[in-house]
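Please read the following account alongside the coordinates.

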Amino acid sequence: MQYPVDWASIDLETRLREGEDRQLIVTNIQVSQHSDIPIYRQIVAQLTFMIEMGQLHDGDRLPSSRLLADNLHINRNTVAHAYAELRDLGLVESRRRSGMVVIGSERARSSSAARDRARNVLESAARECIGLGLSAPEIQSLVMNFAVRAEEDLLRVSFVECNVDRAKHFSDELAKQLEISVQPLVLGEFDPEAEHPDLVLTTFFHLAEVRKLMRRPKTEVVAIVVAPHVQTLVQIAQVPKRRTVGIWYSTEEQAESIRDSLLQSGIRNIKVLEGTSEDDLKDMDLVVIPSELPDLRSDLQGRVRVIEFGNVLDSASIRMVADVVRDLQTAKSR
């Protein structure tokens with residue numbers, strides 16, 4: 001079966017970073033309005049291929065989202081979504097004056113044996129399709145459609161947190177322990193309507209908020225437990241019993257959850273702070289704060305000893321999530 005193709009293409013020349021004399025030609029980026037594949041994914045696939053094949057290098061600038069959208073006659077937000085995906089993949093980063101700049105070309109090109117094998121398979125198939133009389137755009141459309149359908153058979157799992165470092169850290173840990181791909185998502189920085197995961201993982205801190213965002217009946221939301229890192233416990237346990245450990249978090253609910261975690265670990269001299277004034281900090285030997293508030297650490301520095309609350313994934317939670325993943329994979333395969 002062949003799919004109708006209505007291609008809009010661009011031939012765009014983009015200069016590299018200031019001070020460099022090389023120029024980069026981004027050519028033949030094509031999108032099909034009639035494809036089953038979302039347009040932003042078409043853009044991601046083509047730019048990723050350019051990076052992997054050495055057509056784009058570290059420091060090369062991508063066209064602005066407005067310019068690329070105007071040339072392709074599509075919504076600017078679609079291009080912004082594509083660039084955000086490339087950023088999450090570690091292939092580009094945003095720089096104020098230079099816009100989106102390639103940063104992951106070396107890592108992308110030092111690909112695995114599996115990717116090299118895939119290139120050989122696709123090259124052979126493409127040559128055979130050309131021999132059958134298909135054009136390059138027709139082959140591209142077919143391959144992308146087949147790839148998307150195959151990808152849909154895979155279990156899509158996301159982990160949601162309130163800052164990018166924690167989201168990526170826990171996503172990487174979950175991916176390693178569950179042996180599946182886990183996409184990091186940051187609250188307030190993703191469009192819930194554009195995400196269609198089968199399983200969303202988050203902490204109990206954000207469970208209610210994430211459930212409100214992910215209202216699709218086919219998306220399961222599961223909370224996992226994060227336990228205090230042993231180094232955090234050691235530092236807190238060293239505080240003299242006559243002194244008090246203060247806890248300051250963005251919300252009272254989060255602070256009380258941290259307090260309960262420490263109480264379960266046997267630490268008793270704990271107080272949830274209502275603020276960070278001199279009166280609040282009186283008799284405090286140590287204040288525990290979340291890692292996502294660096295400005296707070298700077299404000300408290302020199303006034304009281306501060307540590308950031310480090311977390312590790314609870315082993316029982318990992319086993320529970322592994323069971324959920326196994327059940328979802330079985331159901332999806334059926």
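Two strands pair if DSSP finds at least two bridges between them. Helices (H or I, at least four residues) and strands (E, at least two) are DSSP runs, numbered from the N terminus. The model is a predicted one: local features need pLDDT of at least 70, side-chain atom pairs count only at pLDDT 80 or more, and totals for chains, interfaces and linings use all residues. Residues are numbered from 1 along each chain as its sequence is written, and side-chain values use heavy atoms, with hydrogens and water left out.

The protein chain contains 13 helices and 14 strands. Of its 334 residues, 40% count as buried, where buried means under 20% relative accessible area, exposed over 50%, and partly exposed in between (1.4 Å probe, protein chains only). Contact means heavy atoms within 4.5 Å. Among contacts in the chain between residues at least 6 apart in sequence, 61% join residues at least 24 apart.

The parallel strands β12 (residues 284-289) and β13 are joined by four bridges, and Val288 has Ile307 of β13 as its bridge partner.

Leu273 lies in the loop between β11 and α11 (278-281). With a relative accessibility of 8%, Leu273 counts as buried. Leaving aside neighbours within four places in sequence, the contacts of Leu273 are Gly246, Ile247, Trp248, Asp280, Leu281, Met284 and Val287. One of these, Trp248, is 25 residues from Leu273 in sequence and 5.4 Å from Leu273 in space, C-alpha to C-alpha.

A further open sheet has four strands in the order β6-β5-β7-β8, and here too the pairing is parallel. Strands β6 (182-186) and β8 stand at its edges with a single partner strand each, so one side of each is left without a neighbour in the sheet. From one strand to the next, the twist averages 30°. Strand β5 (residues 157-161) runs parallel to β6 and is joined to β6 by five bridges; Phe159 stands opposite Pro184 in β6. Helix α7 (residues 164-178) packs on the sheet and touches β5, β6, β7 and β8, its direction making about 165° with that of β6.

Thr202 belongs to β7 and stands opposite Ala223 in β8. Which residues surround Thr202, not counting those up to four places away in sequence? Thr202 touches Phe159, Val160, Leu207, Val210, Val222, Ala223 and Ile224. Thr202 counts as buried, at 0% relative accessibility. In strand β8 (residues 220-224), four of the five residues are buried, so the strand is largely enclosed by the rest of the structure.

Helix packing is the remaining topic. Two packed helices are described by the angle between their axes and the distance between the axes. The axes of α1 (residues 39-52) and α3 (residues 76-88) come within 8 Å and cross at roughly 45°. That makes α1 oblique to α3; angles under 35 degrees count as roughly parallel, over 145 as roughly antiparallel, 65 to 115 as roughly perpendicular and the rest as oblique. The crossing of α1 and α3 is right-handed. On the α1 side the contact is made by Ile39, Tyr40, Ile43, Val44, Leu47 and Thr48, and on the α3 side by Thr78, Val79, His81, Ala82, Tyr83, Glu85 and Leu86.

Helix α2 (residues 65-72) also packs with α3, at an angle of about 125° and with the axes 8 Å apart. Helices α2 and α3 are therefore oblique to each other. Ser65, Arg66, Leu68 and Ala69 of α2 meet Arg76, Val79, Ala80 and Tyr83 of α3.

Technical notes. Axes fitted to C-alpha atoms, helices over the stretch in contact; angles between N-to-C directions. Left-handed = near helix turned anticlockwise from the far one by under 90°.
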